[in-house]
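Visitor: I would like to go through some labels on this structure and hear what stands behind each one. Could you show it to me?

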Amino acid sequence: MADQQLISLVERMTLEEKIAQLMQLAVPFFEGAEQSGQITGPMESLGITEEIVHNAGSVLGLAGAKEAIAVQEAHLRSNRLGIPLLLMADIVHGFKTIFPVPLAMGCSWDMELAEQSAKIAAREASVSGIHVTFAPMVDLVRDPRWGRVMESTGEDPYLNSEFARAFVRGFQGDDLSGDVHRVAACVKHFAAYGAGEGGRDYNTVDMSERQLREYYLPAYKAALEEGCEMVMTSFNTVHGVPATGNKRLMRDLLRGEWGFDGVLISDWGAVKEMIPHGVAEDEEEAALKAILAGVDIEMMTPCYVHHLQDLVREGKVEERLIDEAVLRILSLKKRLGLFERPVRGADPALEQEIVFCDEHRQAAREAAVKSCVLLKNNSVLPLKSEKRVALIGPFAASGDILGPWSWTGSKEDAITVEQGLRSKLASDMLLTAEGCDVTSVTEQQLDEALKVANEADVIVLALGEDSEMSGEAGSRAFITLPEPQLELIQHLKPLQKPIVVVLFNGRPLDLHGVLDEADAVLEAWYPGSEGGAAIAELLTGEANPSGRLSMSFPYSVGQIPVYYNHFNTGRPKDAPDAQERYVSQYLDIPNEPLLPFGFGLSYTEFQYGKMMLSAEEMTAKSPLEITVSVTNVGEMAGEEVVQLYIRDMSGEVVRPVQELKDFRKVLLQPGEQQDITFILTEEQLRYHHSDLTYSSDAGEFCVMVGGSSKDTEIRRFRLKK
Ligand code: NOJ
């Protein structure tokens, strides 16, 4: 409930002032901004007057304490009622200290790490003047052609939900008003932005309500249950209506059913995009649809400021709706303490001291170590100290390892693989060559690579996609490594020296030509500011890889979408009585992905004992206890992710062949054994039925425990009602 003071503030505002509160503009529009004054053109073309800027409610893109203070102070001088601005920005995986991209963090299966990364990002962002971050992005992703899969934690609704909670906790803490070193979080993109047809960005999403609720909505809901302050709409359609004008999705489901009373912001330009979508004839109709759907803030298009006044006067929009939107925005400002302290955490001295400080970089390094996934290892890793290393490839000495959405970070400050390895190896033990560029290669580069590789005992190739090849509007139809990089591998193969590939990429790739040719492959994703240092620790065995894939790697693009929690079909390929032809299969490739969800190797080996169930039957009152012992039978300490999946053998609607329900990440010393006990409750067996009710079915289930979705022991039990 908003308090009386805010209500009376709204009462004192003119309709024009109220509507301007709903406008979000980029930094250069504002007095006090470093690039202020350069926007006369955009201001004119958007039809934004000075009056609107003075009354605007929020700004996006600020990233520096001095500028933030200057903009806020100038704004307070020009705003009649002294209402402070909300300063928002995309702080997605770190501010200046860049952490691994969210998909990489997803592979850590480590919630404390995720929370810590968001806490540090919030700290750096808040001293630099930011109040709200447009994160976490929790869109469930099944299509690696989509460039934005790197912003998500992966393909599983349960794992994504756990990460959503962890990120929100990290950004917001538990006292947003008292702790100026936290920022408000904005979960996005509501809803199902990750399901665009064909993996093409901004494309149509159409799915059943059941599918939406069962897989796509849980992570947003989890973020809100954790107290996330804001929600951002998505660009796509949901049930034929763009999310930003989708009353059923926003007003009925989000606000009504889920009771969300925080601020709902459109994505950039998404209100006006209802015109090309074809559900609004003009800006006025777009404004009408968005406000009726419940969108409070319009980001970067002027439909609200140009048309809401008339819509109110004509009686098409009740002024009450505007008041409610304004009140929600003012309440957030109040919760952030902006009325008492408009500059909030912005502090140029502290900014100097803590942004990109050693402590934060150390945390980013740890996160990078834990996010890398070892995909293959024919005993070549860890590198032996007496072996001479040839480090070759476009990412060997590149700082382009921060990944998309790291606009506040600096590539120049990133630790490259070469720098990382130089700090570990004697100088004569590390030779380097370019080998090729990301998308091109010359004879000279290949010759030089061959020469350098010839002098070494082991070849380390740093390969991948540059950061422009994924991220927003970064969809790709072919997701192999660029041809010149595959050519480089082929060129060095005849030397018959061990080849280790370290991959930098924003999506699961089709790894043919890499996985089959290399002796070891380490998936580093975009590991962030400390990437090269983390990779050096992993390559030399100072650290042991512990990441597990949170998104399947397809065998080929033709398989997409390919995900572990699929249905069985009526003609499963692997059924004992399956026919040779008339089964659900491809004639030319396997059904299985190249690398499954949950997969990842270690330098040590974990052995699982027999799974023990406390009973063969469970009820709502007597949950099932599942115990398995895990032993580190290798010679190095290592972390295992013990994963628990279930399958409902006969549901009211078809159930997936596997669903992740729980997991435990354990550190085991060599020879150490630990009993891991999971408690499986009736609640965890619930799902959305055909009438959308959420409940469980009595009957037979399978429980599977193991170190990857495809390497499990299976037992059966019954749920009795
Ligand atoms: C568009 C992106 O879709 C969204 O994720 C981001 O927060 C906004 N732009 C603001 O930069």
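Visitor: What makes the contact of Asp90 and Lys188 a salt bridge?

Guide: This is a predicted model. In it, the side chains of Asp90 and Lys188 come to 3.1 Å, N to O. The cut-off is 4 Å between a Lys or Arg side-chain nitrogen and an Asp or Glu carboxyl oxygen, so the pair qualifies. It links distant parts of the chain, 98 residues apart. Asp90 lies in the loop between strand S3 and helix H6, and Lys188 in strand S5. Both residues are buried.

Visitor: How many salt bridges does the structure hold?

Guide: It holds 46.

Visitor: What makes Arg361 and Glu530 a salt bridge?

Guide: Their closest N and O atoms are 2.7 Å apart. The limit is 4 Å, so the label applies.

Visitor: Why is Glu530 called buried?

Guide: Its relative accessibility is 1%. Buried means under 20%, so Glu530 counts as buried.

Visitor: What makes Arg507 and Glu465 a salt bridge?

Guide: The N to O distance between their side chains is 2.5 Å. That is within 4 Å, so the pair is a salt bridge. The two residues are 42 apart in the chain. Arg507 is in the loop between strands S15 and S16. Glu465 is in the loop between strand S14 and helix H20.

Visitor: Are Arg507 and Glu465 buried or exposed, and why?

Guide: Arg507 has a relative accessible area of 0%. Glu465 is at 0% too. The threshold for buried is under 20%, so Arg507 is buried, and so is Glu465.

Visitor: Which residues are linked in a network of salt bridges?

Guide: Glu115, Arg165, Arg169, Lys221, Glu225 and Glu226 are.

Visitor: Now the sheet. In which order do the five strands of the open sheet run?

Guide: The order is S19-S27-S26-S21-S22, and the pairing is mixed.

Visitor: Why are S19 and S22 said to stand at the edges?

Guide: Strand S19 (617–618) and strand S22 (659–668) each have a single partner strand, so one side of each is left without a neighbour in the sheet.

Visitor: How do you know that S21 and S22 pair?

Guide: Nine bridges join them, in the antiparallel sense. At least two bridges are needed, so the two strands count as paired. One of the residues involved is Gly638, whose bridge partner in S22 is Leu668.

Key. Residues numbered from 1 in each chain as written. Predicted model: local features only at pLDDT ≥ 70, side-chain atom pairs only at ≥ 80, totals over all residues. Heavy atoms only, no water. Helix = DSSP H or I, 4+ residues; strand = E, 2+ residues; numbered from the N terminus. Buried < 20%, exposed > 50% of the residue type's maximum accessible area, 1.4 Å probe, protein only.
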